[in-house]
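Visitor: I would like a quick tour of the side-chain contacts here. Can you walk me through them?

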Amino acid sequence: VSPGASPFRTQFRSSAMRPSGRGGGSRAYPDGVPLTGLAGSYIRCVDSAALSFSNDIELVIRAKATDWSAGVNRTLAGKYITTGNQRSWRFYVLTVGALGLSVSADGTVSFVTNVVTPSVALVDGQASWLRLRFDLTNGTNSVGSVDSANGTTSDEPSSWTANGTPANGLPVAGVFDSTAPLEIGAFGNGASERFTGTIYRVIVRPGFAGTVGADFDHRLS
């Protein structure tokens, strides 16, 4: 267990971590959790007070994609259920390898998406650290930004390099506090945009470099 971990880490469950035929007990992957892109292969955390925030969002993730430009959208993480208009936020990889940051203020289809194209393309089959930030309003716009760092270490980086030009969008009054679970590698209860690759660590923070709302860490045993 890493220092400073969120108390909500132990709520994470993944069908990819449950060995079949053994009563659903969890199995640790010391080198990350492999996600296949198939039904049931994603990571899920139940909604909690720590994930109920309406301000700026920071997602820090260490991941390896089989193909960062796979021709289909793939979710990195989000709280996003379309049924009952429970859309909150979703950060994902677009078909061409750009990164989309979507936020809804009211849970409906009326959401703002900022798209950042990395200036240094992410390498297929290689672990990378990414920091995705959605600034709800910066003067007259919302701003989405992406930073990256070397993915060879499992510790959260202390320094980052901007990767792509920050993207402006419409200002957002606040993030909708949906009842959707936090999902990693899919959205809609695992039904859509399933990620193919390996997830090592995911940290969700309300605000930038603020309190940890959730921390999925591959070093869990």
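Guide: Rings of Phe, Tyr and Trp pair if their centres lie within 6.5 Å. Keep in mind that this is a predicted model. With that cut-off, one aromatic cluster is formed by Tyr80, Phe111 and Phe187.

Visitor: How many aromatic pairs does the structure hold?
Guide: A pair of aromatic rings is described by the distance of the centres and the angle of the planes. For the whole structure, the number of aromatic pairs is four.

Visitor: Is the pair of Trp68 and Phe195 stacked or edge-to-face?
Guide: The ring centres of Trp68 and Phe195 are 6.2 Å apart. Planes over 60 degrees apart count as edge-to-face. The planes of Trp68 and Phe195 stand at 65°, so the pair is edge-to-face.

Visitor: How many residues apart in sequence are the parts that Trp68 and Phe195 tie together?
Guide: Trp68 sits in the loop between S4 and strand S5 (74–81). Phe195 sits in the loop between strand S13 (182–184) and S14. The separation in sequence is therefore 127 residues.

Visitor: Are Trp68 and Phe195 buried or exposed?
Guide: Buried means under 20% relative accessible area. Trp68 has a relative accessible area of 2%. Phe195 is at 0%. Trp68 is therefore buried, and Phe195 also counts as buried.

Visitor: What is the angle between the planes of Tyr80 and Phe187?
Guide: Tyr80 and Phe187 form an aromatic pair, 5.0 Å centre to centre. The pair is edge-to-face, with an angle between the planes of 85°.

Visitor: Where do Tyr80 and Phe187 lie?
Guide: The pair ties together parts that are 107 residues apart in sequence. Tyr80 is in strand S5, and Phe187 is in the loop between S13 and S14.

Visitor: Which residue has its charged end over the ring of Phe187?
Guide: The charged end sits 4.5 Å from the centre of the Phe187 ring.

Visitor: Now the charged pairs. How many salt bridges does the structure hold?
Guide: Side chains of opposite charge can pair when their charged atoms come close. For salt bridges, the number is eight.

Visitor: How many residues apart in sequence are the parts tied together by Arg205 and Glu58?
Guide: The side chains of Arg205 and Glu58 meet in a salt bridge at 2.9 Å, N to O. Arg205 belongs to strand S14 (residues 196–206), and Glu58 to strand S4 (residues 57–65). The pair therefore ties together parts with a sequence separation of 147 residues.

Visitor: Is Glu156 buried or partly exposed?
Guide: Arg205 also meets Glu156 in a salt bridge, at 3.0 Å, N to O. Glu156 is in the loop between strand S10 (141–150) and strand S11 (161–162). Arg205 is at 10% relative accessibility and counts as buried. Glu156 has a relative accessible area of 29% and is partly exposed.

Visitor: Which residues are linked with Arg205 in a network of salt bridges?
Guide: Arg205 meets Glu58 and Glu156. The network of salt bridges links Arg205 with Glu58, Glu156 and Arg133.

Visitor: What is the relative accessibility of Asp217?
Guide: Asp217 and Arg201 meet in a salt bridge at 3.7 Å, N to O. Asp217 lies in strand S15 (residues 214–217) and Arg201 in strand S14, so the pair ties together parts 16 residues apart in sequence. Arg201 counts as buried at 6%. Asp217 counts as buried at 1%.

How values were computed:
Residues numbered from 1 in each chain as written. Predicted model: local features only at pLDDT ≥ 70, side-chain atom pairs only at ≥ 80, totals over all residues. Heavy atoms only, no water. Salt bridge = Lys/Arg side-chain N within 4 Å of Asp/Glu carboxyl O. Helix = DSSP H or I, 4+ residues; strand = E, 2+ residues; numbered from the N terminus. Buried < 20%, exposed > 50% of the residue type's maximum accessible area, 1.4 Å probe, protein only. Phe/Tyr/Trp six-rings, centres within 6.5 Å; stacked < 30°, edge-to-face > 60°. Lys NZ or Arg CZ within 6 Å of the ring centre and 35° of its normal.
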